[in-house]
Amino acid sequence: MHAPDTGPPSEGEHSGQDPAAEDRERLDDAPPTDIAPARLDGHRLVPLATALLDASGRVLHWSEDAEQLLGWTADEIIGHYAAPLLVRPVHRDEVLALYQRILIGRRWSGVFPVRHRDGHEVELEFRTYGIAGPDGRPLVLATGSDVRALRQVEADLAVLDGFFTQSPIGMAVYDTELRFVRLNEALARINGLGVGAHLGRRIDAVLPGLNGAEIEAVMRNVLASGVPVVDARSYGRTPGDPRRDRAWSASYFRLEDPTGRVLGVSSSIIDVTARFQAEARASRAQERLAMLASATVRIGTTLDLKRTAEELVEAVVPRFADFATVDLLDPVLQGEEPGLLAPDQGVELRAVASGEAYESRVSMLADEVGETSAFDSHRMYTRTLRSGRPLVIPHLDEPTLRSLAAKPERVGPAIAEGVHSYLLVPLMARGMVLGGAEFVRIRNPEPFNDADVSLAEELVARTAVSMDNARLYRRERETALTLQRSLLPQEIHRTLGLEIAYRYLPSSVVSEVGGDWFDVVPLSCGRVALVVGDVMGHGIRAAATMGQLRTVARTLATLDMLPAQVLTRLDETATGIGEGQFATCVCAVYDPVDRSCMLSSAGHLPPVVMDPDGNARVLTPPAGVPLGVGGVAFENIEFTLPEGGILALYTDGLVERRGQDIDDGIDALRRTLAERGRTLEAHCDAVVSSLVRGGSEDDIAMIMARALPVPGDRIATLSLIDERRAPALARRFTRATLAAWGLSPLADFAELLVSELVTNALVHAGQPRRLRLFRDRGLTMEVADSAGTAPRLRPFGSQEEGGRGMALVNELAHRWGSRPLKDGKVVWAELELPLGS
């Protein structure tokens, strides 16, 4: 806008004057005030063009925003007259007149079209000021903004302001220190405080009843990251509704200016109390279902009363109760059948499990596990158990707790600790009371309600059924174990020339009482029979079958039958017991005099032999078939157990594991036995600790026998070659040997018995070959001959001269018998030793 020196514009130039020019013109005598553009928090939103002109209209200063709005650069316009470049000729007279008035100090503002460098016109809203330069010369300062941009900002601000003030949703703006800068009436009503009570303050200062720390943590994260947050939940009480908990859903986003400078955080807030309560109810119902499903899997995993009670406590703490305890009647713990509670009958209960969500005095106030409490028939606890219905006290006070507690001194501390809600559910199975389960809430503010009672009843009912099953299984197991143990050897007698160690381990599975057995049967002449067997199946029937087979095996072994013969007769016995009763068995007979061993197997696992040099090997006798199959012959094998050698017989529970080849277990047994330098008991312990880890699913029976040298003062042998002198030699040898052993009181009887045995061999067997005297638990005299026919008692008349020999042996001997040899037989007789021998 310059003032040309050619004078005012001609009439033709005025013919195109804008008729609305006077409407746009506003003159004011007031001095310049605010010339800043539209701003938010000090930042310009609309470009503001600034120009400084001298009195002649020449441009002295041209701002960057002027360059942006009109296209003329500062270099292009500074020093030039403004009017020829910026004003169309039709408007120049009007501009010149206006310019003169501004020069004399009149302030003017209005809208005027200005020509852009490319030729189009831009509507600018001007503010102009007449000012004095440094030397007093008059100057004009003009500022202008694009009218369209201004109107858009005004419209946007009007819409935003209307939205902010009229929205029913709570809205707020916070600065970078999270202080309220602006909020609408809707939010003020929600909070129950006026708008002014919020401004300049933070949430925790305005609304201390809310979870302010959590809210501010979310807002700080939005400030730092710029990532909006939608549906952040807040809860608590406000001055607008101080007696009721409410919930809100809030969304947050960061406020930035066009340059990216962070100005603060904005939020929109909706009251979602009703939805929150509905969601909470649904969540609690879902949680109950989840707890019930989880407890169904967790409770009753074992057949153990105590563990089942612990599983109930673990299922409810802390999700359902802050503290829980389970108490059982003493008869239930003893495995007895629970009965109905009579009206005048009190109860005595033992605590079997308890648990808490956090450390508190409540656990110290309750009975410790194993401790008992008694309640008379009038106490509330007893009446609840008698009724079989749950007792729920949503709001527990001191008098009520006093009527419940086993010990009055526990009441006060429990109330002080915060116990406020109580639930007792009787443990019922088959209509009978087993005990009670108590649930207590302390920090959990919700009282027990009907839904909680239903859930507790379901959980306790499942627990009671599992406990009753455990009790029944325990009783059956104890019965079977009692039967099993009564049928096993109660005492293993020491055997001359053989050290014996054994282990018997019942199954670790409660219901899996098996039919494993072992036996050590003393035989004549210091020999011993070792028997190990395993009845297939479990339970009382298997234990009963085991008892029958063990008794028959012991009887057959004492009849001096060979191991294969014993198994043949056992097979007949098993077949006669009943269909499906099968067993495996191994029978070995050891003679300490020559350390010979004869063994036969009926489908049993192979024995392991360790030689004195530490070499452990597996014997492979003919396997045979299990007892009870019937009609199959068994075979004997013979081997020598060297002095210091070990024979191990065992059942499959020792070496068989799920998912593992049984040969691996046998090989592990062999390797364990190969360790030298252990006692026989230490060998047994090493085998058990190495092979039995974490319990076994089957019973385990194991015998180890180590060959020992026979002392020279325990055995004496005489060769009988001279037929004529054999009886006399045998008598003298017997008397002299007994005198040397300090057994002279037995000499007369022993001499007579030996004379009859040798004479019987001469008369009926052709030739006696050997006399052997053996002192162990008794004095044994045995005569070997070459005949295979066993002697027998036969009737004889008073006039007969012969036939009295074996009758005399039968009368004088404690017991007598015979056993077969490969090339003949042995006839023996035994005398009891005097006390102290």
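**Before you click**

Your model is predicted, so local features need pLDDT of at least 70 and side-chain atom pairs count only at pLDDT 80 or more, while totals for chains, interfaces and linings use all residues. Residues are numbered from 1 along each chain as its sequence is written, and side-chain values use heavy atoms, leaving out hydrogens and water.

**Stop 1: the whole chain**

Show everything as a cartoon. Of the 837 residues, 47% count as buried, meaning under 20% relative accessible area with a 1.4 Å probe, protein chains only.

**Stop 2: strand β24**

Now select residues 596-602. Why is β24 described as largely enclosed by the rest of the structure? Because 6 of its 7 residues are buried.

**Stop 3: the hairpin partner**

Zoom in on A588, and you will see L599 of β24 opposite. The two strands form a hairpin with 4 residues between them. In that turn, click R595, which has a positive phi of about 55°.

**Stop 4: the other neighbour**

Finally, select residues 637-640, strand β27. Here 4 bridges join β27 to β24, again in an antiparallel arrangement. Which residue of β27 is the bridge partner of M598? Select E638 to see that partner.

Note on methods:
Buried < 20%, exposed > 50% of the residue type's maximum accessible area, 1.4 Å probe, protein only. Pairing = 2+ DSSP bridges.
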